[in-house]
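Subject: Structure handover and notes

Dear colleague,

I am passing on the structure below so that you can look at it alongside my notes. Please keep it open while you read.

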Amino acid sequence: MISSKYYSGYKIYVVKKNGVRELFDVNKLVKSLLNSQVDYRHINRILAILHSKLYDGITTGEIKEVVCELLKEIDRENGTNYLEKYREETNLVVRTSNNEIQPFDKNRIIKKLIDETGLDGKTAEKIGNEIEKSLKKLNLKYITAPMIRELVNAKLIEYGLEEYRIRHTRLGIPIYDIKKLINEGCRENANLMHNPESIHKWVADETMKQYALLEIFPKDIADAHMRGDIHLHDLEYAAIRPVCCQHDLRNFFMYGLRVDGTGRHTSVSKPAKHPEVAIQHAAKVLSAAQCEMSGGQSIDEFNIWLAPYMRGLSYSRIKQLMQMFIYEMNQMYVARGGQTVFSSINLELEVPEYLRDKEAVVAGDVRGTYEEYEEEAQLILQALIDVMMEGDAVGKPFLFPNFIVKLRGRAFKDENRELMVKLHELSSKWGIPYFINMYPEWQVENTNAMGCRTRLSGDWKGDVEMDTLRTGNMQWYTVNLPRVGYEAKGDDDRLFEVLHERLEIIKRALYIKHHVTERILKGGILPFLTQKFNGEQYYRYENTTKTFGFVGLNELLKYHIGEELHESKYALKFGEKVIKYIRDYADNLKEETGLRWSVTQTPAESTAGRFARLDYRYYREECESVVNGDLSNPNTLYYTNSSHVRVDASVSVGEKVRIEEKFHPLCNGGHIAHFWNIEAYSDPEVLMEITRKIAERSDIGFWTYTKNLSICERCGRTIAGLKDRCAYCGSNVQRYSRITGYLQNVSNWNDAKRRELIDRRSNIPRI
Ligand SMILES: [Zn+2]
């Protein structure tokens, strides 16, 4: 039983924190001690001792101190836990972001404001005091750190301190969205499966995107992106990753492999001695680099670097090794949130001129020059074709690596005929190979490409290896061309003014990313790329491209001059003028800055739809008159990619070549021509004839034949075209086509790309 005998008729005044005097009420104290589960005996002891320490005018703080001291003593004597409970009971506590519970302390708010935002101490203190006051009024038991941060943000807004609020704000993702991601996944990128890794990636991506738009780019650039004037690609990686790289295996074959770049976190390999180890190292180079980059990872001259390792091996052994590599690239399910590496290999029919007299590297040593290994290089190519042709265990095509073959001057010589026929059989069966046309003069010595269509050629500083190997694209950002047209309202001069303004914004954005990337390279955040071989950094960052991309030239023309790209010579000429303007802008910047600026045909997997949707919102009338897709469902709206002919335009293959070839020499950072629906003419000999004409007589620099495929889930048979059911057993099928740069299961596509696919299919090309 509680004995409050000392306090009967007791009248002293206590002073509260806010200065108000009030009569001391022993019952309040008893209640809070009871709530803290202090037992009667100990409460009596506290009341007895406290009585002797009270005086008129004592503060509530002092009383609390005495009580805490006593509880501490009692805890020590009895092994109880009163003090902690009493503190929780009587203080406002904060659940912090480190998963701890701490008493509320306004000084933390003040310190954070000063440290994180640079706000002056006086204002910070004022805000701290006001927050404390309003929390008191709320009479809460606990509060979370994010709630406090929101209250502080509200105060900052109230005081007009918006720039401080941006620095102080917390980034993240609502519970609803996380739940949705966990349950339904997200269909932004056709490569991402719905699994634990990808869910983590999405949640992190969302935060990093917000960070990029708030912290990396100034408000006007972020706004231009959000409005859809331009598109800033890979925002989730803006702070931490450049895009892509063309790898050179010689460094690893000479000095060995450290996949973490340092050897501190992972085992260190000596240079590969055996062919299977060389193959494994090739695969691991790609996956290690993918951990540091957002886009494609490619090995240029793949069959040349590996050729010396194949010396003396039988064809079946070489094929076995290539099969191992292909499976590695399709089954290493590790990169960027549980995806396979976005991989490509560039292949040669013969050892190219610039490598013929270069030392061939094997097992940390040099064994002759590469021209001595032409036969092995060709066997590798043949083996790769055979492996790709067979498909996987259930008969599906291998989606990776993107299989890129360079056609140089001797491609159509008789001695290469067998390989060329096989390549086109591979096109005919799966639509797999890509071709680089090395015939035109503007393809300088070596040109390579990858799935994201980034192009490097020996046209930068004149040293072909420096220009094309161990470097890649730092970033590309894209201009919404149709909107430039809408804003120009038919006026040519205005059109180029608006275009110029947009390019200026993109230039600034690329510059910012350039400085960010330089900083992270110096900061050691990309250790695989910055590792040194023989004193020289592996990644040739100074040779990376900074690139202007574009979407919707066709719809710009349709709006601005009333004709589409394929409809008149004038439209084509005007289209060339627009892209030439972008190219000149990039070339001038090269002069000015010494950086490698270039122009690319953006592979707009989601951008073509995003621009169209935003224009449908902000420029409804203009957009409706030119956009593709179904107007009753804005999610299906899309613009034609880059300077391509509209996918359902009625043109022959030859006419398409004559139009699109105009843009390949202009787009020095990347270009591609697509030939869709080849199931309609998939005789390998016919395809090879088209290839010969393109190579010998056109300026098309890079292209691929796409075959639509349906693969039976039950019997595994492959059927040409996109079917609803298996033609043999009537079961469900998985349907495949090329989305922008790579083959992909159609069920993963976004609505706009699905709509584009429907339009593509309505158009069977004439040859
Ligand atoms: Zn079947």
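Is Cys726 buried or exposed? Cys726 counts as buried because its relative accessibility is 5%, where buried means under 20% relative accessible area, exposed means over 50%, and partly exposed is in between (1.4 Å probe, protein chains only).

Before going on, please note that this is a predicted model, in which local features need pLDDT of at least 70 and side-chain atom pairs count only at pLDDT 80 or more, while totals for chains, interfaces and linings use all residues. Residues are numbered from 1 along each chain as its sequence is written, and side-chain values use heavy atoms, with hydrogens and water left out.

The zinc site

Cys726 (SG) coordinates the zinc ion together with Cys712 (SG), Cys715 (SG) and Cys729 (SG), at 2.2 to 2.4 Å; donors are N, O and S atoms within 2.8 Å of the metal (3.2 Å for Na, K and Ca), and since water is not among the atoms, sites may look incomplete. The angles between the four donor atoms run from 97 to 123°, so the arrangement is tetrahedral, a label that requires all angles of four donors to lie between 85 and 135 degrees. Along the sequence, the donor residues follow the spacing C-x2-C-x10-C-x2-C.

The nonpolar cores

The largest nonpolar core has 168 residues, and Phe302 and Phe403 have the most contacts inside it; such a core is a set of buried Ala, Val, Leu, Ile, Met, Phe, Trp, Tyr and Cys residues joined through side-chain atoms within 4.5 Å. Helix 22 (residues 492–522) gives the most to this core, with 12 residues; helices (H or I, at least four residues) and strands (E, at least two) are DSSP runs, numbered from the N terminus. A second, separate core of 25 residues includes Val14, Ile46, Leu50 and Leu83.

Two single residues

Gln246 lies in strand 8 (residues 245–247) and counts as buried because its relative accessibility is 0%. Gly337 lies in helix 16 (residues 335–338) and is also buried, with a relative accessible area of 12%. The C-alpha atoms of Gly337 and Lys201 are separated by 5.1 Å, although these residues are 136 residues apart along the chain.

Best wishes

Note on methods:
Four donors count as tetrahedral if all angles lie between 85 and 135 degrees; four count as square planar and six as octahedral if opposite donors are over 155 degrees apart and all others between 65 and 115; anything else is irregular.
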